[in-house]
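This report describes selected features of a single structural model. The sequence and coordinates are shown first, and the discussion follows.

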Amino acid sequence: MESVGVWQGLALSGIFSWIVITSYFNVTKKIRSLLQPCVAHHVVTGTSIILKIQKHQHKFWDALFSGLSCVVSVPFYTAFLPLLFWSGHGKLARQMTLLMAFCDYLGNCIKDVVSAPRPSCPPVRRITATKDEEENAMEYGLPSSHTLNTVCLSGYLLYYVLSYTKCEDACVKLAAVAFAFLLVCLIGFGRIYVGMHSLIDIIGGLAIGLVILVTWLTVHEYVDGFIVTGQNVTSFWAALSFLLLFAYPTPELSTPSFEYHTAFNGVAFGIVAGIQQTYHQFHHEAVPRIFTSELAIPAFVGRVLVGIPTILIVKFCSKALAKWILPVVSNTLGIPIKSTSYIPMLNGSATGKKSSEIKQSSYTRKILFFSRQDLFDVDTGIRFLQYAGLAWSVVDLVPSLFSYLRL
C-alpha cells in the first residue's frame, strides 16, 4: 500500500513540477519559436501538392473522403465506444477510450505548442461537410488528428482482434494489416484532398501515432491492471485529470482544442471511476459477449435502445447540475468566476474575450499565484463534469439497467 501511494505521489508531483517549470521558463513559446517557422515553411511549399491533387476533384471523391473523415472523427468514436462496452468487450472498450483520450491530449498539445497554420484557403479548396469539420478547421494543423487517431486506434483494434481470436493464419494476418494500412493511407490522403492538412501534417500524424501506439502496446496491460485492481484509483485519476487541465499549453491564438481535451479528460475520468466500482459486476472477462448465445443480436439491440437515451439524459442532467453547483461552490470559496457560454448571467465578466482564449490563458499563474483580479472560466469545470457523468453512466448506470431488465 505504501509503495502504491509513493509512486502515485511521485507521478502527480512530477506533473505539477513540470507545470511550474514550463510556466516559469516559458517553455511553450521557446519550443514554438524553434518549430513553427520550419513547419509553416513546409505548409506553404506543400500547397502546390494539394493543388495538384485537387485538380482531380470529383463529387465521388468529395463524398468518399468527407465520409471517411466523419467515420474516424472524435464524435464517431464517442458514439462507437459505448456500444463496445455494451457488447461485452470491456477490456477493448476501456483501452480504446483511454488511448483515445491520450491521443487527443498529446495531439492537441502538440498542435497548440507549435501553432502551425493549415493550408491557406484560397487557393486551396477546403471541404467542410459537417459542423464538426468546420470546428476542426479552427484548430492548428500539425499533426493531423485524424491520421494520428486512425494509426493508434486501428492499430490497437487490429492487435486486440488478432490476440482475441488467436489467429495463426499468416494470410489472414497479412490481410488485416493490409486493410489497416489502406485505411490509414486513405485517411491521410483524404485530409490533403479536402484541404484540411498539408503533407507535413500527415507525416507528423503518422510518426506521432506510431510512437504512441508502440508505447501503448508496451504499457496497456499495466494500465488496465491498475484500473481494475489498483488502489486509490479514483482519487489518483481525479488528481491527474485536474493537473492535466493546467498542464495544457497556451496556443498562439485561441482554438477549440482545449475544449476537446477537457471533454475527453472528463470521459477518461468517468470511465475509470465507473470501472473501478463495477468491474466485478459488469466488466470482467467472463461477461456475455455479442454474437454468442448469451448475448444475441436482439438483446444487444435492446441494450442500445435503452442505453443511448439514458446516457443522453445523464449528459443533460450532469450539465444542468454542474451549472448549478459550481457557481455556488466557487462563490462559497470566494473564487471569482465567469462563464463565456454556459451561464449567460456571468457573460458580462468575460470583457469581450473569446471563450477558448480565456480558458487557456494563464492557468498556471492562476493556480500558483491566486489573485482576486483573476476570473476563472467555470465552463471548463461544467464541461468536464458533463462528460464525466456521461462516461460514468456508460459503464455503471446503464449496465445496472441491463441487469435489472435482463438484457
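## Annotated region

Over residues 93-217 the chain is 74% helix and 0% strand, with the end C-alpha atoms 15 Å apart; helices (H or I, at least four residues) and strands (E, at least two) are DSSP runs, numbered from the N terminus. At residues 93-217 UniProt, in an unreviewed entry, places the feature "domain: Phosphatidic acid phosphatase type 2/haloperoxidase"; such annotations may be inferred rather than shown by experiment.

The model is predicted: local features need pLDDT of at least 70 and side-chain atom pairs pLDDT 80 or more, while totals for chains, interfaces and linings use all residues. Residues are numbered from 1 along each chain as its sequence is written, and side-chain values use heavy atoms, without hydrogens and water.

## Asn108

Helix α6 (residues 90-114) contains Asn108. Asn108 counts as buried because its relative accessibility is 3%; buried means under 20% relative accessible area, with a 1.4 Å probe and protein chains only. Beyond neighbours within four places in sequence, Asn108 contacts Cys103, Glu139, Ser145, Tyr248, Ser257, Tyr260 and His261, where contact means heavy atoms within 4.5 Å.

How values were computed: Buried < 20%, exposed > 50% of the residue type's maximum accessible area, 1.4 Å probe, protein only.
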